[in-house]
Amino acid sequence: MKKLINKPEDVVKEALQAMALAHADLIKVCYNPDYIVRVGGPVQGKVGLLSGGGSGHEPMHGGFVGMGMLDAACPGAVFTSPTPDQMLAATKAIDGGAGVLHIVKNYTGDILNFEMAADLAKAEGITVEAVITNDDVAVKDSLYTAGRRGVGVTVLAEKITGAAAEQKRSLKAVADICRKVNANGRTMGMALTSCTVPQAGKPTFELPEDEMEIGIGIHGEPGRARMKLKTAAEITEMLVSPILEDLPFKTGDSVLAFVNGLGGTPLIELYVIYNELAKILGGRQIKIARNLIGSYITSLDMAGCSITLVKMDDELLSLWDAPVKTSGLRWGI
Amino acid sequence: MTVQRDDVIAWIQAFTAAITENKGYLTQLDSDIGDGDHGTNMDRGFQAVSAKVPELADKDIGAILKTVGMTLVSTVGGASGPLYGTFFLQAGSATTGKLELSLADWVAALQAGVDGVIMRGKASPGDKTMIDALTPALQTLKESASKGSGFAVALRASADACEQGMLATIPLVARKGRASYLGERSAGHQDPGATSSHLLLRAAAQVWANQEG
């Protein structure tokens, strides 16, 4: 394992300390229990937005705390859900009297911990709603699994929902926007290499030099198929076809197209993928109304990418375009 | 025979030692079908519990178990934090104010704990989870109690049933948690949560029934 770390067990805490130092104009970091909170909060009359999850997916979620996006984020250990005491403390810190929305990725650990936190917060008189993101088409959605994983859509939902909350819409209205983004969004990812969890010290899985894994999860969970490496054009087709079929996206639809790097892939390759994506969508008369290209929901040092498409309407577009000021996403200000 | 406050603390300490000893084994089981952190996460939680033991001595059994539960909830994370945390919180609620436990009290505590895990995790028997080990353990304990068995005999029978339930998870296809993403590929592996559940009830049998081995 080659990593820029001191001690594996100190990685999360040192990164939190650094975020506090680097982004003191945007966020404050609270410890024991650990959470990142927007400065100047809670904003009275505004729904508070809280997300969280295991660390190792940076900039998600801590990098999305700030005006126009999240009010707080709870970081867990690497790839391990945070705990209810963190979520309860963060929920209390961001409640401006209009309630708090928890945005939760569909993983069993995250769901159970957020449920316990919501129970505790309700017992203290705070109104809490939760929206679960589950956009990964690589996983069969059936009664016999934990259901689809929450991945790329989460980033876009946090941005769009954050804008709705900033307009001081009600908790129900803000939650409905979040559910709509999730319902309209689909994602598929692929890996060229494994990631290495610092405390494990070795790659999570073995992937030969000339092979790739299609449908990978953001913790290195196995995907749909392992095969010989193909061209960017072929890979893009393999990722986008199941996405288009699943919603389904149709001729004339307008989409937000998100090409995401998993941590170990350079931006230039993400642009190569975007080029192929634009060709495929153009051929089907699906309009890319907005795009986001870069590494926003990562899997440590994994090489690979994911593609997320969200079907947009005028309301979602205007919320996407609204100002945002976080360390991870920033525009319109 | 009854179980005193000191015995409850000794059980928690024995389980902590078993988790530490089996940390690598639990993590290996979890690497096969999950995300490879069950041993690490449980060990982190029970080390935190160990640090709290000195402040437990003068508390009643319900309060001891609730403290264990709250500590797990706030330190373990993942799915096992809320599940084991809920187990101890509910078992603690069922033993509020008790300074000793009869077999009937332990049946009530285990029932409450298992019900709590089912309520929180929504798993059913056969889903390849800790419930597959805990449910037969509870059932056997209840049968022993209704037959009029002694506490020690009942504890051993319950731990044995737990072990059988744990082994019976091997051929199952997971329907809950991260292992469910593997579908058929999850068959042939022993469930890590069922394994730690067996360690929990085996520790109770060993410490409370003075059973060797």
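**Strand pairing, pockets and cavities in the predicted model**

Strand β5 (residues 100-105) of chain A pairs with β3(A) in the parallel sense, over 4 bridges. Within this predicted model, Gly48(A) is placed opposite Val100(A) of β5(A). β3(A) also runs parallel to β4(A), to which 5 bridges join it. In that pairing, Leu50(A) has Ala72(A) of β4(A) as its bridge partner. Of the 8 residues of β3(A), 8 are buried, so the strand is largely enclosed by the rest of the structure.

An antiparallel arrangement is found in chain A between strand β1 (residues 27-30) and strand β2 (residues 35-38), which are paired over 4 bridges. Val29(A) has Ile36(A) in β2(A) as its bridge partner. The hairpin formed by β1(A) and β2(A) has 4 residues between the strands, and Asn32(A) in this hairpin adopts a positive phi near 50°.

Two or more residues of its lining are contributed by each of α1 (11-22), β3 (48-55) and β4 (72-78) of chain A. The largest share, 5 residues, is that of α1(A). In total, 27 residues line the pocket, and those nearest its centre are Val11(A), Ala15(A), Ser55(A), Gly56(A) and Glu58(A). The lining is made up of 15 nonpolar, 9 polar and 3 charged residues. Because domain 1 (13-184) and domain 2 (186-320) of chain A both give residues to this lining, the second largest pocket lies between them.

The largest cavity has a volume of about 600 Å³, and 33 residues line it, with Ala79(B), Ser80(B), Leu83(B), Gly177(B) and Arg178(B) closest to its centre. Elements of both chains give two or more residues to this lining: α3 (108-123) of chain A, and α2 (23-33), α3 (38-52), α5 (80-94), α6 (103-121) and α9 (192-208) of chain B. By class, the lining of the largest cavity comprises 12 nonpolar, 13 polar and 8 charged residues.

The second largest cavity has a volume of about 70 Å³. Its lining consists of 13 residues, and Val151(A), Gly189(A), Ile216(A), Ile218(A) and Ser306(A) lie nearest its centre. The greatest contribution, 3 residues, is made by strand β7 (residues 185-191) of chain A. Domain 1 (13-184) and domain 2 (186-320) of chain A each supply at least three residues to the lining of this cavity. The residues of the lining divide into 6 nonpolar, 6 polar and 1 charged.

A further local feature concerns a loop of chain A. Asp136(A) is located in the loop between β6 (128-133) and α4 (153-166) of chain A. The relative accessibility of Asp136(A) is 1%, and the residue therefore counts as buried, the cut-off being under 20%. The side chain of Asp136(A) forms a polar contact of 2.9 Å with the side chain of Arg149(A).

Note on methods
Residues numbered from 1 in each chain as written. Chains lettered and ligands numbered in written order. Predicted model: local features only at pLDDT ≥ 70, side-chain atom pairs only at ≥ 80, totals over all residues. Heavy atoms only, no water. 1 Å grid on protein atoms, 1.4 Å probe; cavity = no way out; pocket = protein on both sides within 12 Å on 5 of 7 lines; lining within 4 Å. Nonpolar A, V, L, I, M, F, W, Y, C, P; charged D, E, K, R; others polar. Domains from an automatic or database assignment. Pairing = 2+ DSSP bridges. Buried < 20%, exposed > 50% of the residue type's maximum accessible area, 1.4 Å probe, protein only. Polar contact = N/O pair within 3.5 Å; in protein donor to acceptor, adjacent residues only side chain to side chain. Points joined across faces, edges and corners; volume = space filled by probe spheres on them.
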